[in-house]
Amino acid sequence: MELQEKIPVPIFTEVDRDVFLREICPQRRPAVLRGVPLGPCLEKWTVEYLGQKGRDKPVKIHVSTVPQMDFLRKNFVYKTLPFNEFVKRASEKKHSDFFLCEDESYYLRSLGEDVRKEPADLSKQFPDLAEDFHIPHFFEPDQFFSSVFRISSCGLQLWTHYDVMDNLLAQVTGMKRVVLYSPQDALHLYLSGDKSEVLDIDAPDLKRFPEFVKAKRYECVLEPGDLLFIPALWFHNTTALQFGVGVNVFWRHLPADSYDKKDPYGNKDPVAATRALQALERALRALDELPADYQDFYGRRMIQRIQKQTYCDGLSATSAQEDSDSTLTSRQFTKPG
Ligand SMILES: O=C(O)CCC(=O)C(=O)O
């Protein structure tokens with residue numbers, strides 16, 4: 001019996017900027033966009049061509065003895081290779097030159113020139129390859145944040161995580177399975193920061209992660225030329241079914257000052273969310289001054305207050321307002337009788 005029902009991610013053809021902005025983006029759900037023109041990269045990006053055009057530019061890569069990479073337990077090492085040597089190794093199953101073992105797995109997530117400050121931008125790091133890849137103009141130029149190479153060995157699986165910006169993942173060569181979970185299922189994913197602790201999503205340890213089965217599993221297999229729209233906050237886990245080259249493009253869909261300015265990866269929480277989380281920590285420290293039964297009482301009331309104010313479904317803001325008798329105002333809340 002399958003652990004979780006697989007919900008297919010819908011596939012849309014004939015999507016242009018207008019259709020994307022009117023019908024797809026506002027739904028805030030993942031979508032596969034098939035047949036959007038991505039440029040000559042689809043024909044040109046062979047291993048040989050990538051090596052010739054990317055030359056020996058040094059790239060920092062993840063190398064692991066197993067294909068399932070685990071960020072939380074760090075079962076991989078960072079190494080630097082010339083881009084052409086990296087692409088050659090990532091495309092082969094067994095390596096004559098290797099760091100850890102002859103069948104090690106490789107993964108590149110390209111970085112900016114100044115890794116700590118600058119987001120990755122294909123046109124700056126790989127100008128000769130960038131001209132082959134046409135970024136779909138589904139957002140305004142000033143919303144552009146980054147374009148990132150994602151190059152993986154066959155079988156490589158990247159941990160489940162979320163990003164805070166909207167993102168189009170373009171699969172240029174190779175097939176890739178992507179499993180996604182809604183932001184509303186965050187509590188079933190056992191988060192540590194922006195990553196899920198559930199590494200093996202196909203055979204999870206249900207003794208450690210009993211709630212995981214409650215998360216709805218959305219799934220698609222990307223083919224060369226497909227774009228996957230990953231709305232901000234949607235969790236995603238990728239598995240390369242073949243050696244593959246992808247580019248993902250992030251853009252700011254919230255006002256620019258909502259984002260953390262020191263975030264070259266596009267995965268730091270928006271500044272208002274960070275402020276709210278810090279305020280929560282302060283609130284919890286205040287509750288610590290009380291005996292356990294009082295902490296329990298006020299903790300439950302805080303949860304209800306947060307649900308009423310923030311949840312989009314169930315206890316929605318509207319139904320909370322309509323049901324004025326049961327609405328806790330902030331005064332009632334802060335001055336309990
Ligand atoms: O394609 C991958 O390997 C990972 C993609 C990803 O994490 C993203 O698009 O944000």
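Guide: Start with the crossing: α3 passes α4 right-handed, that is, the near helix is turned clockwise from the far one by less than a right angle. This is a predicted model, where local features need pLDDT of at least 70, side-chain atom pairs count only at pLDDT 80 or more, and totals for chains, interfaces and linings use all residues. Residues are numbered from 1 along each chain as its sequence is written.

Visitor: Is α3 roughly parallel or roughly antiparallel to α4?
Guide: Helix α3 spans residues 47-54 and helix α4 residues 83-91. Their axes, lines fitted to C-alpha atoms over the stretch in contact, lie 8 Å apart. The packing angle is about 165°, on a scale from 0 to 180 degrees between N-to-C directions. Angles over 145 degrees count as roughly antiparallel, so α3 is to α4 roughly antiparallel.

Visitor: Which strands each supply at least two residues of the shell around the ligand?
Guide: The shell includes Arg150, Asn167, His236 and Asn248; a residue counts if its C-beta atom, placed from the backbone, lies within 6 Å of the ligand. Strands are DSSP runs of E, at least two residues, numbered from the N terminus. The suppliers are β7 (144-152), β9 (166-173), β15 (235-240) and β16 (244-251).

Visitor: How many Å separate the centres of domain 1 and domain 2?
Guide: The bounds come from an automatic or database domain assignment. Domain 1 covers 6-271 and domain 2 covers 290-334. Taken over C-alpha atoms, their centres are separated by 38 Å.

Definitions and conventions:
Helix = DSSP H or I, 4+ residues; strand = E, 2+ residues; numbered from the N terminus. Parallel < 35°, antiparallel > 145°, perpendicular 65-115°, else oblique.
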